Amino acid sequence: MEYSSKAIEQQWQEYWKQNRSFEPSEDFTKPKKYILSMFPFPSGRLHMGHVRNYTLSDAFARYYRQQNFNVLHPIGFDSFGMPAENAAIKNGSHPKGWTYDNIDYMKNEFYSLGFSFSRERELATSDELYTKFEQGFIIDMFEKGLLYRKKGLLNWCPHDQTVLANEQVVDGCCWRCDTPIVKKDMNQYYFKITQYGDELLADLSKLEEGWPKQVLTMQENWIGKSNGLAFDLFFDDASLGRLHNTFKSFDVFTTRPDTIYGVSYTALAPEHEIVTYMIENSLLSEDVIAQIKHMKTTSSIERQKEKAGISLGLDVIHPLTGKKVPVWIANFVLMDYGSGAVMAVPAHDERDFDFAKKYDLPLHTVIKPFEGESNGACAFTEVGELINSERFDGLNSKDAQAKIIEYFEEQNIGTKTTNYKLKDWGVSRQRYWGAPIPFIHCESCGIVMEKKENLPIALPEDVEITGEGNPLDNHPTWKHCSCPACGKDAVRETDTMDTFVESSWYFLRFCASPQNWEKEAFSKEQIKYWMGVDHYIGGIEHAILHLLYARFFTKVFRDLGYIEFDEPFERLLTQGMVLKDGAKMSKSKGNTVDPDALIEKYGADTARLFILFAAPPTQELEWNDSAVEGAYKFIKRFYDRSSNIVKTDKIPSIAHAKLGKDEKFARTKVYEALVRANDVYSERYTFNTMIAGVMEAMNALNAQSNPEVWTEAYWVLTSIMEPVIPHVCWQISSENFSLANFTSQQVLEEVFEVESIRLGVSINGKRRSEIEVGIEESNENIIAMAKESTAKWLEGKTIVKEIVVPKKLVNIVIKG
RNA sequence: GCGGAUGUGGUGAAAUUGGUAUACACGCCAGACUUAGGAUCUGGUGCCGCAAGGUGUGGAGGUUCAAGUCCUCUCAUCCGCACCA
């Protein structure tokens, strides 16, 4: 029968659906595997990145099913978010309709690719049932003090009219639309992720086995822990007077307390409260105020171009020397790190040095290199020996740091402090299409939690999405309610949550049996069985945000008593991008490949085979149309040659010794492929070499015609290939093996036993000839044969050494 | 600037522990079959060379009997972070 991808694929997709083939068992005594790909945003259609992502997880899922594991391989949609609203503004569609239409379309695409998802556990995070439990968690976290509201400077995207988290600001621009962000002072809710900063950092060590190093490093840098000294700088009397005694001091942080005697000025961020006070109380000239205002409004990119500052005409007292130190405003001091103020040591810090040069501020050298001299043309930022530092002279930097911190603590003028770059996670969004924050503002009671039995607080459907303002706030009735505590008229919170909240616990929801979905988010027993995720597969672009938030939620849920483990994802596989013509596929570049068209022309199996064969998963994948054609031809041949199979429901038993050379070789190749395949899933993930092994086996099989050898080979090879090209393998297997071969395959060691072996012969490491020797041949004989085969190279030379590497090669070392 | 990765034929890429470099595939070349081929099958294909042979894993050194693999330096490309005090 001629290979027809369409007929075969449709038939098996229907079969899998009818037979509920991929639903996990509820028998928790079985060994399990939880295979998860990062779920998609329902943007409308699948792109090749999705196809690669889910092909990988599907291969894992199918492999482990064959190995008799109970496999959970779910799919859902991360379906809240701005694009739905943007589409609404652009096309007048309703976000909900747009979202669920897209989900329906993409689901069909998924199943046309043959992905073995649990259909019964499909979910969308915009489902009211999902929102219901999420709002419950939010209430729990608020009550635990892990969610709080404060006014703060927020990143505001003027284009999307929304607040962005720090992580969503890339190079000073919106991560979605690239518009430069501006700072805006607003109330919003924050998760106290910083409370878990230390644990999030420390537990990275638990992930060293299973996560790529790159991701661990990125998270480590993001958390950005640094140790140092925090202390107060007190104003002198004149400055105190100018400030009307409102501020006596300000706080600074340094990681280099050993340079403290080198302080020659201090600098405040333009947003610092002392600066604000001085502006508000007209303590600065109009001109200076204008300069500060300008500084505050320049973007972070602008600020990085050149250092700029203004002297405030204030002085503080150096805590150790008692000398006066001038106070400046500097554009390079960040308000949201440390205390927004720094001590400046221009002799030993590049930034301070640049600034001092520009404004002609003095340098005090207090660190001498261990060897040689520093040249003074730039800051000496290395560690060294302390000089000009009174009682600390002669100490090395490291000892001095400890001693100086100790001294500050003894004198009660400073404290050993740890700072983090990590900031609390702002989750408020002034948007419609998100999960409403289930809080109520009551004039008498303040912020009041909604009662859990009233959840979910669902979105109103009758909204107008114009792109201006907050649709929930603008809705005529939605926000009006009565206070759950006192019953008076009150208003609902109109902010919705960042969509990263939904993706921070969806992997837990999948563990819940669908029949319990109405009554609980998940159960401890089910979580205990299914978690952690054995293989988590997704793009490197989620290395920080999603993965850090999901880790944070896991730890919070643990502390709330919902679950009993620390880390959600045991192994993480970050796939590379799909490229065409050397560039990332994108509509604007016009270099996209449409999955639907590919399936239509060649079938899902071809798409899957190409994707897994063309490159290892972590590398970039260069699209190549003729290589796709090649994958199609292989599948066609694979199906055609299955006519050599003799129907059976068990693997043939073959007397290996009686076979001819080509037959033996073919069997060896088949079992080699099996050995390779088993490696792939446990650590190497190199599906490309697994497939190459199967191709080699096919080439070897073609050189012989023994029906038993063919039959055995297909029994094994269709099992190996089922995770990659499932449809055609199920077809071949059902025609010949009654699907009995999709199970763990035994490696037959006997096929690897050979009587003779070929050895390379090298002279001084250069390969000169090849010999065939018996497996038991003595080294003496092997060397004799090697010499004979390379006689012309040895003529007139002295042999210095002879090396035999068993089963590999012979090396003869000569001179003369 | 800091951190991470990658560099192998015309192309995508192989090479468990240092042990026959280029598996597998694409492309290309030749041949067979054919009215025809963008089908199928067979063979060839790192580079230079008629050949013998030489040469070859970004570059330069080093360790070793032996280096794509280990060490030192260096170049290029990509990614992440980036005034974090």
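Predicted model: local features only at pLDDT ≥ 70, side-chain atom pairs only at ≥ 80, totals over all residues.
Residues are numbered from 1 along each chain as its sequence is written, and chains are lettered from A and ligands numbered from 1 in the order in which they are written. Local features need pLDDT of at least 70, side-chain atom pairs count only at pLDDT 80 or more, and totals for chains, interfaces and linings use all residues; side-chain values use heavy atoms, with hydrogens and water left out.

With a salt bridge defined as a side-chain nitrogen of Lys or Arg within 4 Å of a carboxyl oxygen of Asp or Glu, the count comes to 42. In one of these, the closest N and O atoms of Lys-636 and Glu-2 are 3.9 Å apart. Lys-636 belongs to helix 20 (residues 625–640) and Glu-2 to the segment before helix 1 (5–18), so the pair ties together parts that are 634 residues apart in sequence. Helices (H or I, at least four residues) and strands (E, at least two) are DSSP runs, numbered from the N terminus. Lys-636 is partly exposed at 28% relative accessibility, whereas Glu-2 is exposed at 58% (buried, under 20% relative accessible area; exposed, over 50%; partly exposed, in between; 1.4 Å probe, protein chains only).

A salt bridge also joins Lys-555 to Asp-203, with the closest N and O atoms 2.5 Å apart. Here helix 17 (residues 545–559), which holds Lys-555, is linked to the loop between helix 6 (197–202) and helix 7 (213–223), which holds Asp-203; the two residues are 352 residues apart. Both Lys-555 and Asp-203 are buried. They take part in a network of salt bridges whose members include Glu-199, Lys-206, Arg-551 and Arg-558.

Four strands form an open antiparallel sheet in the order 22-21-24-23, two strands being paired if DSSP finds at least two bridges between them. Strand 22 (446–449) and strand 23 (480–482) are the edge strands, each pairing on one side only. Strand 23 pairs with strand 24 (residues 489–492) over 3 bridges in the antiparallel sense, and Asp-489 of strand 24 is the bridge partner of Ser-482. Helix 5 (residues 128–143) packs on the sheet, touching strand 21 (439–442) and strand 22 (contact, heavy atoms within 4.5 Å).

At the surface, Ile-803, Val-805 and Leu-809 form a nonpolar patch; patches are made of residues with over 30% relative accessible area and no salt bridge, like charges being joined within 9 Å and nonpolar side chains (Val, Leu, Ile, Met, Phe, Trp, Tyr) within 5 Å. Val-805 lies in strand 33 (residues 798–805) and is partly exposed, at 32% relative accessible area.

Technical notes. Areas by Shrake-Rupley, 256 points an atom, 1.4 Å probe, with all protein chains shown as cover. Axes fitted to C-alpha atoms, helices over the stretch in contact; angles between N-to-C directions.
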